[in-house]
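Please look at the sequence and the model below before reading on.

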Amino acid sequence: MQTIYGDLRIIDSHVHFFSATFFTAFVQQRGRGLPVHDRQALLETLGWEIPPEDPVALAARWVAEMDRYGIDRMVLLTSLVGDEASVATAVQAFPERFIGYIRVDPHQPDMPDRVEYALGTLGLRGIKGFPAMECFHAYDEIVYPLYELAAAYQVPVLWHFGLLQSAIGAHLKLPSQADARYSNPMDLQKAARDFPTVPFIIPHFGAGYFGETLLAAAHCPNIFIDTSSANGWIRYLPYPLDLQGVFARTLQAVGPERIIFGTDSSWFPRGFRADVLETQLQILAALQVPREAVELIMGGNMARILRLE
Ligand SMILES: [Zn+2]
């Protein structure tokens with residue numbers, strides 16, 4: 001796309017695929033804790049569109065967004081454990097535009113088989129999880145079979161650490177169901193040490209655990225940091241720092257080769273978060289980051305991690 005840096009290849013490394021199945025399950029899971037009790041009412045309360053039942057139709061909406069803003073590819077994250085078939089259907093319909101990750105719960109005994117099927121047969125190319133939701137530490141032995149698969153299939157692993165709220169929970173101001181004992185990104189150091197060929201991604205600069213994220217990355221060259229979302233966690237820091245400062249510190253600590261752009265786009269009608277892209281490009285320009293480094297952050301690093309042509 002055309003930017004202040006000229007024409008850039010942009011890969012959004014962090015987009016949530018909120019399928020119709022996802023919302024149905026969300027309403028069932030959160031049950032009485034919700035202000036409304038069916039999917040349609042929930043989406044009306046949120047002001048979000050009801051996604052089409054067919055994942056291909058939802059995928060086509062994201063492709064239209066990519067075309068509108070000149071985005072090369074998007075990584076689609078499965079947002080519900082068990083819903084990887086929706087993402088796989090989207091990826092299979094538009095293989096040149098999407099990369100899909102499966103969401104895992106390492107406690108489920110059939111998880112390694114499901115991950116193997118997702119990576120080997122469905123064509124997904126990454127593993128995503130939320131340790132504080134599914135209550136596991138990144139270093140737990142039950143997670144290791146999944147790392148073995150990531151190593152065998154040469155795919156990245158993304159764990160959400162830090163702030164506990166999901167997008168919907170935050171919108172509705174619901175108390176979080178997550179367990180903060182599992183949210184520290186330093187948990188990742190042992191796994192990243194044990195699987196040096198697997199790229200590990202910490203999203204949102206650690207979502208509150210900024211120092212721990214830089215520290216984990218300092219120990220392990222295979223830890224990458226994603227820039228996605230509006231990074232509202234910054235307001236909880238006990239010292240003054242803005243997003244430009246966060247970028248400056250991250251560039252100093254780990255260099256541009258380990259920073260990957262993402263938006264956290266997730267629902268319609270909002271669609272692609274062009275505001276997040278614009279803000280981050282402006283910050284990179286204000287920091288006088290050279291074009292070659294910006295190319296890496298905006299897409300080059302992801303292309304390398306995912307072995308895209
Ligand atoms: Zn996200």
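How much space lies in the largest cavity?

## Basis of the model

This is a predicted model, in which local features need pLDDT of at least 70 and side-chain atom pairs count only at pLDDT 80 or more, while totals for chains, interfaces and linings use all residues. Residues are numbered from 1 along each chain as its sequence is written, and side-chain values use heavy atoms, with hydrogens and water left out.

## The cavity

The largest cavity holds about 100 Å³ of space. Its lining comprises 14 residues, and Glu49, Pro51, Leu58, Trp267 and Phe268 are the closest to its centre. A cavity is a set of points, on a 1 Å grid over the protein atoms alone, where a 1.4 Å probe fits but cannot get out; lining residues have an atom within 4 Å of a point.

Helix α3 (residues 55–69) contributes the most to this lining, with three residues.

## The zinc site

The zinc ion has three protein donors (N, O and S atoms within 2.8 Å of the metal, or 3.2 Å for Na, K and Ca): His14 (NE2), His16 (NE2) and Asp264 (OD), at 2.0 to 2.1 Å. Along the chain, their spacing is H-x1-H-x247-D.

Both His14 and His16 are buried, that is, under 20% relative accessible area with a 1.4 Å probe, protein chains only.

Note on methods
Buried < 20%, exposed > 50% of the residue type's maximum accessible area, 1.4 Å probe, protein only. 1 Å grid on protein atoms, 1.4 Å probe; cavity = no way out; pocket = protein on both sides within 12 Å on 5 of 7 lines; lining within 4 Å. Points joined across faces, edges and corners; volume = space filled by probe spheres on them. Helix = DSSP H or I, 4+ residues; strand = E, 2+ residues; numbered from the N terminus.
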